[in-house]
Amino acid sequence: MNHKIEFRSQEPIDELKNKTLNYFQSQGFKLVNDGANSLQFRRGTVLRNMVTFNPLKWKSSIRIEFDKETVIANFDINTIHQAVTLKEEKLWGKFISNYQRTIETGKSFISENQSELKDTKKTTWKYIRYAILGAIIVGIPSGIIAHLTGIESIVTIGAVSGALIFMMNKINKEKEENAT
């Protein structure tokens, strides 16, 4: 998932850099490059992508460039091992727009980010319930087939497939409903 925003600001670059540092570091991002007219932040790992319920902890790289009166921010969010939900996409969108709002207004939007994250985590549990339901519905017949054939791996394949199918179906259905 890649996002890019570009906006204008009359503030000096040093002030823009300070506000940018405060915003991202207060959200858990690490500064990895501090150039004369740019900053780069990173967070997360591919391994963490598999286990975290916080999309803001996904492996990501953010590069902010300050060019005269223009701020250019590139967000490269690695979604490997993720079934990205609509709510997670919206969380990142809000996080990105709140960065711009922070620069433009000088106000903190961290509590707004935390509130959006809390809502996103709640909906994640809904998808987990769908995955469990799918694992049960497909896993039980798979268990019967495994018992009859003596091939025990059928249970695992069936349960995992059922979980993924049910969860992905719910995610895609919500995305389609929201697109119209």
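Two strands are taken to pair if DSSP finds at least two bridges between them. Helices (H or I, at least four residues) and strands (E, at least two) are DSSP runs, numbered from the N terminus. The model is predicted, so local features need pLDDT of at least 70 and side-chain atom pairs count only at pLDDT 80 or more, whereas totals for chains, interfaces and linings use all residues. Residues are numbered from 1 along each chain as its sequence is written, and side-chain values use heavy atoms, with hydrogens and water left out.

**View 1. The hairpin of β4 and β5.** Eight bridges join β4 and β5 in the antiparallel sense. F66 stands opposite V71 in β5. Two residues lie between the strands of this hairpin, and K68 in the turn has a positive phi of about 55°.

**View 2. The open sheet of five strands.** The strand order is β1-β5-β4-β3-β2, with antiparallel pairing. β1 (2–8) and β2 (30–34) are the edge strands, each pairing on one side only. On average, neighbouring strands of this sheet are turned by 15° against each other, direction ignored; axes are lines fitted to C-alpha atoms, for helices over the stretch in contact, and angles run from 0 to 180 degrees between N-to-C directions.

**View 3. Strands β3 and β4, with helices on the sheet.** Strand β3 (residues 38–43) pairs with strand β4 (residues 60–67) in the antiparallel sense over six bridges. The bridge partner of Q40 in β4 is R63. Helix α1 (residues 13–26) packs on the sheet and touches β2, β3, β4 and β5 (70–77), contact meaning heavy atoms within 4.5 Å. The direction of α1 makes about 5° with that of β3. Helix α3 (residues 86–105) also packs on the sheet, touching β1, β4 and β5, and its direction makes about 20° with that of β1.

**View 4. Helix α3 and its buried residues.** At 1.5 Å a residue, the 20 residues of α3 should span 28 Å, which agrees with end C-alpha atoms 28 Å apart; the expected span is 1.5 Å times one less than the number of residues. G106, whose phi is positive, near 80°, follows α3.

Methods. Buried < 20%, exposed > 50% of the residue type's maximum accessible area, 1.4 Å probe, protein only.
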